[in-house]
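Colleague: Could you walk me through this model? I have a few questions ready.

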Amino acid sequence: MLQNLHVKNLALIEEVDVDFQNGLIVFTGETGAGKSLLLGSVNVALGQKVSRELIRQGTDYLLVELTFSVKEQEMERLRAMDIYMEDNSVTVTRKISGGRSVSKINGETVNLATLKKAMALLLDIYGQHEHQSLLYPKKQMEILDIYAKDEMESLLEKQKNLFRQYQQLKKQFEEMDMDESKRARKIEFLEYEVNEICSANLQCGEDQLLEKEFRKISNGREILGHLSEVYHEIGYDSAQGAGECISRAIRSISSISEMDEQIPEFQNMLFELDELCRNLAGEISAYHQEMEFDAEYAKEVGERLDLINHLKLKFGQSIDEILLYAEQKEKELDTLKNYELVAEETKKQIQKAYNKMEILCGQISDIRKKAARKLEQEIKNALMELNFLSVEFEISINRKNEIGENGYDDIEFLISTNPGEPRKPLGKVASGGELSRVMLAIKSILASEEDVDTLIFDEIDTGISGITAQKVAEKMAKISRKHQILCISHLSQIAAMADDHYLIEKKLEHERTITNISRLNRQQSIQEIVRINSGSEVTDAALKQAEELKEMAEQVKSNLS
């Protein structure tokens, strides 16, 4: 459930902060007051692209923050997305500044893909033109599958996995399918690549060792020069060397070692220094002797490194990748050399996968047909409640020629809104207002099947009035008993049905226009209903009519409880 909306610097909105309860929440306001900005702010949080013009003039950033309370099931799904949750509260923030967008969930920065995925769990937006999606078979199939998801979900997942395997096998077979001369050229080329790698006799980690050795050899003269200097400075062959200085110090302290009990302690330290210097000098001398430059060895190391780097350019960035490439090509080579056997086996696997899909798609189709008969009746009943005086509704299911990831069913919604007229595809007979009511009917049926708690309706009441408007209001009130509904509307019937009524209006402050959102009490709500019905003039008769409309709505809601 959406608990709070905080918006700053969005177009005409300077800053608004609104708390929400459950139930049916309705937003009304005059044309041009900024009702669309409410939906716009939510779309910002949903991760949609934001035009620079949406950032309020005179400011350098736009901020939208939504706070939700979520159920245990949603908490588990969010945690599965590595979203940190301390309690059942989720705060989604998106800030846009200077062309840069920063999205956060519970204070942790997330990318837009994660933001969109998380928001899809938290709310669903039904805009003015979304009913047009009903015209597409993909959407119609999606609706039916959601309705039957308890039986369908696992089978559809199996079908998707099987279809991916089937596609991979077909692709594998197509890649093998070539004429004899082309296959011979391919074999020759693969043999050349594999032999080139195998003849190099590569060892894992060899390149790193060679690079160290080459670096040592390349810098050999400089290393020896500096080490010679160090040996001279600490050596015993120079009067000024550290070793000779320590020797003189030892001779000097030995003459007084018995004069004080602390002197031997100093003497031992000098002995240790002397031993350390002699050992270091010996190590440097040994290193110097071993470091004699071998031109032939240096050439071998350089050539070996050149060979490995050449193979890296062709086959991979590391020896591991090169060896993996060779292994893959050896398998491909083996497949081509045994083409007939492999092709025959692959065809058998393709047919086997297809046969499995046939069985699975048959099961899926049977479930769809059974669910379709029930859904047809429920949609018809819901449409009758939405003031379709005579309506016939059918979900047509036919088999397509090909199998896809969702099966082989071709689904089409058919409707007749006039007695005696045959049922036809939605797009051929339904008007925009009728499509809107069909979608509302479907939403009311699927409300118990979908996991999203918050539904947002943006002026889906466009094109309806009178009794139809009242029926739509009653249907939305019914959905709101199980889901939080946020509805942007221009109909008094829906406004009267609101559990919470908000007014969106423009104001002039400090010589600048701002859009404000304010929660109305019962009396203010009645006055707003008067404005919706009759314009700005508030008469006793208009107030009485609005009061009666409000009381009737309250009676309807009490019967739903």
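Colleague: Glad to have it open! Leaving aside neighbours within four places in sequence, which residues is Gln484 in contact with?

Modeller: First, a word on the source: this is a predicted model, where local features need pLDDT of at least 70, side-chain atom pairs count only at pLDDT 80 or more, and totals for chains, interfaces and linings use all residues. Residues are numbered from 1 along each chain as its sequence is written, and side-chain values use heavy atoms, with hydrogens and water left out. Contact means heavy atoms within 4.5 Å. On that basis, the partners of Gln484 are Met1, Leu2, Phe20, Gln21, Asn22, Gly23, Ile25, Asp453, Thr454 and Leu455.

Colleague: Is Gln484 buried or exposed?

Modeller: Buried means under 20% relative accessible area, exposed over 50%, partly exposed in between (1.4 Å probe, protein chains only). Gln484 has 1% relative accessibility, so this residue counts as buried.

Colleague: Which backbone nitrogen does the side chain of Gln484 reach?

Modeller: A polar atom of the Gln484 side chain lies 2.9 Å from the backbone oxygen of Gln21. At 2.7 Å, the side chain also reaches the backbone nitrogen of Leu2.

Colleague: Thanks! Now the open sheet of six strands: what is its order?

Modeller: Strands here are DSSP runs (E, at least two residues), numbered from the N terminus, and two strands pair if DSSP finds at least two bridges between them. The pairing is antiparallel, and the order is β2-β1-β4-β5-β6-β7.

Colleague: Why is one side of β2 and of β7 left without a neighbour in the sheet?

Modeller: β2 (13-19) and β7 (108-110) stand at the edges.

Technical notes
Helix = DSSP H or I, 4+ residues; strand = E, 2+ residues; numbered from the N terminus. Polar contact = N/O pair within 3.5 Å; in protein donor to acceptor, adjacent residues only side chain to side chain.
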